[in-house]
Amino acid sequence: MIRVGIVNVTGYIGAELARLLSSHPEVRLSWATGRSEVGKRLSDVFPYLDDIQITPEPEEADIVFSALPAGSSAKEVVPLVNKGMRVIDLSADFRLDEESLYPEWYGFSHPAPYLIKEKVYGLSELYRQDIAKASLVANPGCYPTATLLALAPALQEGLIQPDIVVDAKSGMSGAGRTFSLATHFAEANENLSAYALEGHRHLPEIIQEVRKMGGISPCVTFIPHLVPLTRGLLVTCYASLTKETNVERLYQEFYRKEPFVEVVAFPPPTKLALGSNLCLIHPTIDRRTGKLIVVGCLDNLIKGGAGQAIQNMNLMLNFPEILGIPSKPLYP
Ligand SMILES: NC(=O)c1ccc[n+]([C@@H]2O[C@H](COP(=O)([O-])OP(=O)(O)OC[C@H]3O[C@@H](n4cnc5c(N)ncnc54)[C@H](OP(=O)(O)O)[C@@H]3O)[C@@H](O)[C@H]2O)c1
């Protein structure tokens with residue numbers, strides 16, 4: 001059995017990692033840290049989870065997941081990588097390739113610039129060969145995962161112009177478990193609002209990866225919205241076409257062998273991804289404006305977080321990529 005550890009099991013992503021790992025046939029959760037619950041049994045905090053002790057510090061493991069907030073994760077991850085452990089970091093602390101972007105977008109100076117260079121960006125469908133060999137994987141953000149999977153076929157085909165608009169919506173668990181007024185039930189229920197119009201933290205990550213995939217200097221407008229769902233994330237991407245193509249055939253062919261990306265013939269609702277590692281994608285062309293429109297949706301805690309991280313773990317350990325990962329949604 002492969003020994004796995006989770007740094008920060010008490011947040012939504014940490015708890016979701018522990019839940020998914022508990023039904024993985026080839027790995028065993030050996031330890032989990034969690035600042036506010038140190039010394040308790042994990043099953044005392046989350047009754048459906050394994051009966052292991054929550055520890056103050058990371059211990060030995062073959063693979064470690066860090067589910068700490070951005071800005072706190074890198075400091076914890078660096079010593080683990082230096083000790084030779086393989087790490088999948090679900091925070092943003094290694095996602096950006098440029099060291100200078102961390103103070104600007106995340107408000108901290110990076111403690112280990114050499115590891116920014118060594119890391120592999122963990123968008124499983126596009127970088128699986130590099131992920132398999134990586135010692136440090138920067139798991140993508142939830143909005144970037146949906147956006148990049150929605151745009152990748154068009155970008156690699158040179159099908160769209162650089163001016164791209166991404167209209168995005170996320171359920172409340174995307175904001176994490178920490179209390180805030182905006183996520184208070186009475187504020188969020190039956191409410192809908194845009195936020196971070198001046199520039200959301202996921203924007204530089206989207207620009208970086210669009211540039212790599214499309215070989216263009218993109219001009220991305222990315223506007224997220226908070227919607228009163230517990231889980232679920234949906235993006236609608238718009239860009240002007242450079243040429244005529246059968247987009248449905250292009251997308252079907254691009255994702256033909258992918259176990260977790262489904263190209264569908266209708267705009268997918270978030271419920272069709274709920275509780276699964278699926279990303280559903282619907283591309284279409286608006287003939288009146290000459291624009292490509294792509295709708296993508298996923299469960300932010302699974303394909304947008306813990307599920308994709310376990311998909312990456314499977315790649316790193318040379319297991320079948322789908323092992324232990326749900327591919328069917330909950331219904332209703
Ligand atoms: N939520 C999503 O949909 C999603 C998707 C993809 C990636 N992510 C990323 O995954 C990471 C975890 O997200 P999350 O949604 O699970 O967050 P979360 O639910 O808000 O968890 C944050 C928890 O982290 C602990 N914490 C906060 N600051 C800490 C520090 N300095 N040192 C140690 N522990 C600290 C706190 O736990 P205690 O109460 O125990 O102190 C807090 O409850 C973040 O980096 C996030 O950006 C989230």
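**Close-up views of the predicted model**

**Figure 1. Pro-332 and the cis peptide bond.** Pro-332 is placed in the segment after helix 11. In this predicted model, the peptide bond that runs from Tyr-331 to Pro-332 is cis, with omega near 0°. Most peptide bonds, by contrast, are trans.

**Figure 2. Two asparagines with positive phi.** Most residues other than glycine have a negative phi. Asn-8, although not a glycine, has a positive phi of about 80°. Asn-8 sits in the loop between strand 1 (2-7) and helix 1. With 24 other C-beta atoms within 10 Å, Asn-8 is buried, the threshold for this class being 20 or more. Asn-318, also not a glycine, has a positive phi of about 60°. The segment after helix 11 contains Asn-318. Asn-318 has 8 other C-beta atoms within 10 Å and is therefore exposed, a class that requires 12 or fewer.

Figure 3. The chain is divided into domain 1, residues 2-118, and domain 2, residues 143-300. Their C-alpha centres lie 26 Å apart. In the contact between them, nine residues of domain 1 meet seven residues of domain 2. On the side of domain 1 that touches domain 2, helix 4 (residues 101-106) gives the largest share, with three residues. By class, that side of domain 1 has six nonpolar, one polar and two charged residues.

**Figure 4. The largest nonpolar core.** In soluble globular proteins, nonpolar side chains tend to be buried together. The largest nonpolar core of this model has 91 residues, and Ala-146 and Cys-279 are those with the most contacts inside it. Helix 7 (residues 142-156) gives the most to this core, namely 10 residues. Domain 1 (2-118) and domain 2 (143-300) each supply at least three residues to this core. Leaving aside residues up to four places away in sequence, Cys-279 touches Thr-145, Ala-146, Leu-149, Phe-260, Val-261, Ala-273, Gly-296, Leu-298 and Lys-303.

**Figure 5. The buried and exposed faces of helix 10.** Within helix 10 (residues 247-254), the residues Val-247, Tyr-251 and Phe-254 are buried. Viewed down the axis of helix 10, its buried residues fall within an arc of 65°, so they line one face of the helix. Arg-249 and Glu-253 are exposed residues on the face of helix 10 that is turned away from its buried side. The cover over the buried residues of helix 10 includes helix 7 together with strand 12 (261-263), strand 13 (279-286) and strand 14 (291-298).

Notes: Residues numbered from 1 in each chain as written. Predicted model: local features only at pLDDT ≥ 70, side-chain atom pairs only at ≥ 80, totals over all residues. Core = buried A, V, L, I, M, F, W, Y, C linked by C-beta atoms within 7 Å. Helix = DSSP H or I, 4+ residues; strand = E, 2+ residues; numbered from the N terminus. Domains from an automatic or database assignment. Contact = placed C-beta atoms within 7 Å. Arc of directions from axis to C-beta. Nonpolar A, V, L, I, M, F, W, Y, C, P; charged D, E, K, R; others polar.
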